[in-house]
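Subject: Structure handover and notes

Dear colleague,

Here is the structure I said I would pass on. Please look it over alongside the notes below.

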Amino acid sequence: MIAQRPPMGWNTYNTFGRRINEQLILESTDAFIDLGLKDAGYEYVVIDDCWSMHDRDPITDKILPDPEKFPHGMKYISDYVHAKGLKFGMYSCAGVRTCADFPGSFEHEYLDAQTFAEYGCDYLKYDYCNLPEHADGPYLYRRMGMALRAVDREILFSACNWGMHDVYHWIRSTGAHMYRSTGDISDSFGSFSRIAAEQEKNMCYSAPFCYNDTDMLTVGMYGNGLVGGGVSGCNDAEYRMQFSMWCMFSAPLMLGCDIRKMNAETLALVTNKNLLRINQDPEARTPIVIMNGEDRPDHLANRIYFKHLSNNEFALAFYNLHDQEGGVRVLLNDLGLPATVGVSLALTDVFTNEPAGQYREVIDLKVPAHDCKVFLGKYVWNA
Ligand code: GLA
C-alpha cells in the first residue's frame, strides 16, 4: 500500500529542467543518505521531463533513455537508488509529446507502463501537454491509471493536469495517488502564496491515498534554478512560510532545490520533526482557514490555519502575507472554542520546540513581514 501519507522526495525539474544526467541523480541519491533526508522520511528520487531520446525506438516502439545523459540506462539508476533503500521515480505525459517535446505516452500507455516497471520505477509523474485535439483528458488519466495497475509492480501515480477539468472530482477514481492542482510554481513569494490562497478551498478533496499536490517546493533554491529564471527567489522566512503551508495542507513534499548544495537553514527546515509530523499526520485533515483582511488577487489577507491532528492534538499557523510586520489575530470562538467553556489552547513553537503559552479567548501575535509562527497544541481544561 502506497501513499497512505503524503509522498516525500525530490524532483529534478525546479532546479535542473533539461540539465539532468546520471551523475546528478546518483549524487542526489547519496545526498538523501548523507544529509539525513532519508531518515527524515524523504524517499522518492524523481527524474522529471527530458530524460529520453527525441523519438521512440522504431522497432520496439519503446521510449529510449538518452544515452548521453544516462549512459548506463535507467535500470542502473533505479538499482542504485534501491540499494540505498530509496524509491525511484520517472516522468511521462498523457499527450503525444511531453511539455519539453519528448515522446509522450498517448496510446502507448500499456507499453510504457511495462517499460517503467522494467526500469524498476516506483513513481510516475504524468503530465498534460500536447494532447491531440478532442482528446478526453480525464479518460487518458484513467487509461494510464489502469496500465500502471496492470503491471507487476506498485507504482505511485502522480497526475499533473494543473487542476484542469475539475480534477478534484474524478482524479481519485483513476487510481492516482497525488495530483497537481495548479500551474507551475516559480521561486517567488508571490507564486507560492497565491498557490496556497487558491488551493485552500480545494483541500477538502485531499485525503490519504490521493493528495492535492500544490507543486514541488522551491524551498532552498534562492533563485537558482529553472523556475528561478528572472525571479530572485525567496528568503528564509518566506521558505519557512512555504514549507509550513505545504505541511498544514498535507501536501506532498517534493523538494526542488539542488539538495547536494542545501544549506544548514534549509536542511533544518525540511527535516523539522514537528513540521513533518503535521504533514504526515495520518488523519490528513483539511485546515480551518481564518482570514484577517480582504483577500483580493492583488492583496492577500493574512491567514490563520488550524488543523486537527490525531491523538487530540492540533497545529496552528499564523501567516503574515504583508510587506510589514503586523498583528495576525484569531478569536478562538471563530475556531469553535467559545471562551466561556473554560478550555485553553497550550502551544509549543514548532521551530524552537519551546512552550509558547496558553490561550483562552484570543491569540494575537506580531509576525514579521512575509513570515509565520507555527505551533503544535493541546487542549487544557481550566481549573
Ligand atoms: C509541466 C509540469 C512541470 C514539469 C514540466 C516539464 O510544466 O507542470 O512540473 O514537469 O512540465 O517539462
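Predicted model: local features only at pLDDT ≥ 70, side-chain atom pairs only at ≥ 80, totals over all residues.

Residues are numbered from 1 along each chain as its sequence is written, and side-chain values use heavy atoms, with hydrogens and water left out.

Cysteines

There is one disulfide in the structure, a disulfide being counted when a pair of cysteine sulfur atoms lies within 2.5 Å. Its partners are Cys99 and Cys129, with an S to S distance of 2.1 Å. The torsion about their S-S bond is about 95°, so the disulfide is right-handed. The bond links distant parts of the chain, 30 residues apart: Cys99 is in the loop between β3 (87-93) and α5, and Cys129 is in the loop between β4 (123-127) and α6 (137-150). Helices here are DSSP runs of H or I with at least four residues, strands are runs of E with at least two, and both are numbered from the N terminus.

The two partners fall into separate accessibility classes, where buried means under 20% relative accessible area, exposed means over 50%, and partly exposed lies in between (1.4 Å probe, protein chains only). Cys99 is partly exposed at 38%, whereas Cys129 is buried at 17%. Cys50 is in no disulfide, and the nearest cysteine sulfur, that of Cys99, is 9.5 Å away from it. Cys50 is buried, with a relative accessible area of 4%.

Salt bridges

Side chains of opposite charge can pair when their charged atoms come close. With a salt bridge taken as a side-chain nitrogen of Lys or Arg within 4 Å of a carboxyl oxygen of Asp or Glu, the count comes to 24.

One of these joins Lys62 to Glu118, at 3.0 Å from N to O. This pair also links distant parts of the chain, since Lys62 sits in the loop between β2 (44-46) and α4 (73-83) while Glu118 belongs to helix α5 (residues 109-119), 56 residues apart. Lys62 is partly exposed at 25% relative accessible area, and Glu118 is partly exposed at 46%.

Another salt bridge is formed by Arg97 and Asp101, whose closest N and O atoms are 2.9 Å apart. Asp101 is partly exposed, at 41%. In the salt bridge between Arg296 and Asp298, the closest N and O atoms are 3.0 Å apart. Here Arg296 is partly exposed at 31%, but Asp298 is exposed at 60%. Finally, a network of salt bridges links Glu27, Asp258, Arg260 and Lys261.

Helix pair

How do α2 and α4 pack? Helix α2 (residues 22-34) meets α4 at an angle of about 10°, and the axes are 10 Å apart. That makes the two helices roughly parallel, a class that takes angles under 35 degrees. Axes are lines fitted to C-alpha atoms, for helices over the stretch in contact, and angles run from 0 to 180 degrees between N-to-C directions. On the α2 side the contact is made by Glu22, Ile25, Leu26, Thr29 and Asp30, and on the α4 side by Tyr76, Ile77, Tyr80 and Val81; contact means heavy atoms within 4.5 Å. These residues divide into six nonpolar, one polar and two charged. Ala, Val, Leu, Ile, Met, Phe, Trp, Tyr, Cys and Pro count as nonpolar, Asp, Glu, Lys and Arg as charged, and the others, Gly among them, as polar.

Two single residues

Ser310 is in the loop between β10 (302-308) and β11 (314-320), and is buried at 16% relative accessible area. Leaving out residues up to four places away in sequence, Ser310 touches Asp281, Pro282 and Glu283.

Gly41 lies in the loop between α3 (37-40) and β2 and is partly exposed at 31%. Gly41 and Val151 are 110 residues apart in sequence and 26 Å apart in space, C-alpha to C-alpha.

Regards

Conventions. Parallel < 35°, antiparallel > 145°, perpendicular 65-115°, else oblique.
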